[in-house]
Amino acid sequence: TTDNNTGIKVNDVVMHSITGRGLGIYGTYESEFSNLSIRGADGVISRAGIFVGSGSDNVTIRNADVGYMYYPQGSPSGDSDGVYSEGANHLNMINVSSHHNGEDGFDLNTNTVMIGCKSYENYGAGIKIWRRLGDCYENRSLTLINSMVYDNGYYAPNPNDGNPGIKSSM
């Protein structure tokens, strides 16, 4: 977890068998996290693989593979998303893959640019962008460039029915 930091560069990180949350980024400015491999523990409840939280601005995640974040279907939400952001501003993701997660591939409450990213075989939405009363319904934007979103379930009985699963609740 990072907090109140500027210009952080984190490279070549492997986090496997996560039980809980993976990489937490909070209050971080002008920072880059690259060459990441993040995996949940097989059959063990986990939360988001990457969490970008309040106070973060201009964070870049580059060359990351996040998958197998898990919670049992039908149980209360565990936010077992690949990448989850809330309250941050200006998130850039380049060549980030999020797959086989118990909820959404990318769950975003942040202005985000995604370049060359993939979201597939997630139980929930491939990409979900949202705003709520808690952020005073502040405008959010999402830009997708050369990215692929496919075979996500968006909470469908069979998550691999070919639904790209893009949800916007704006």
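## Strand pairing

In this predicted model, Phe 51 has Tyr 84 of S7 as its bridge partner. The two strands involved are S5 and S7, the latter covering residues 83-86. They run parallel and are joined by three bridges.

S7 also pairs with S9. That pairing is parallel too, and spans four bridges.

## Asp 107 in S9

S9 covers residues 106-109, and Asp 107 sits in this strand. Is Asp 107 buried or exposed? Its relative accessibility is 3%, so Asp 107 counts as buried. The cut-off for buried is under 20%.

Leaving aside residues up to four places away in sequence, Asp 107 touches Asp 81, Val 83, Tyr 84, Ser 85, Lys 128 and Trp 130. In a regular strand, side chains alternate between the two faces of the sheet.

## The largest nonpolar core

The largest nonpolar core has 26 residues. Which of them touch the most other members? They are Leu 36, Ile 50, Ile 61, Met 93, Val 96, Phe 106 and Leu 108. Several strands each supply at least two residues of this core, including S4 (28-40), S8 (89-99), S9 and S12 (127-130). S6 gives the most, with four residues.

Val 96 is one of the members listed above. Its contacts, not counting residues up to four places away in sequence, are Ile 61, Ala 64, Val 83, Phe 106, Gly 116, Cys 117 and Lys 118.

Terms used
Residues are numbered from 1 along each chain as its sequence is written. This is a predicted model: local features need pLDDT of at least 70, side-chain atom pairs count only at pLDDT 80 or more; totals for chains, interfaces and linings use all residues. Side-chain values use heavy atoms; hydrogens and water are left out. Buried means under 20% relative accessible area, exposed over 50%, partly exposed in between (1.4 Å probe, protein chains only). Contact means heavy atoms within 4.5 Å. A nonpolar core is a set of buried Ala, Val, Leu, Ile, Met, Phe, Trp, Tyr and Cys residues joined through side-chain atoms within 4.5 Å. Two strands pair if DSSP finds at least two bridges between them.
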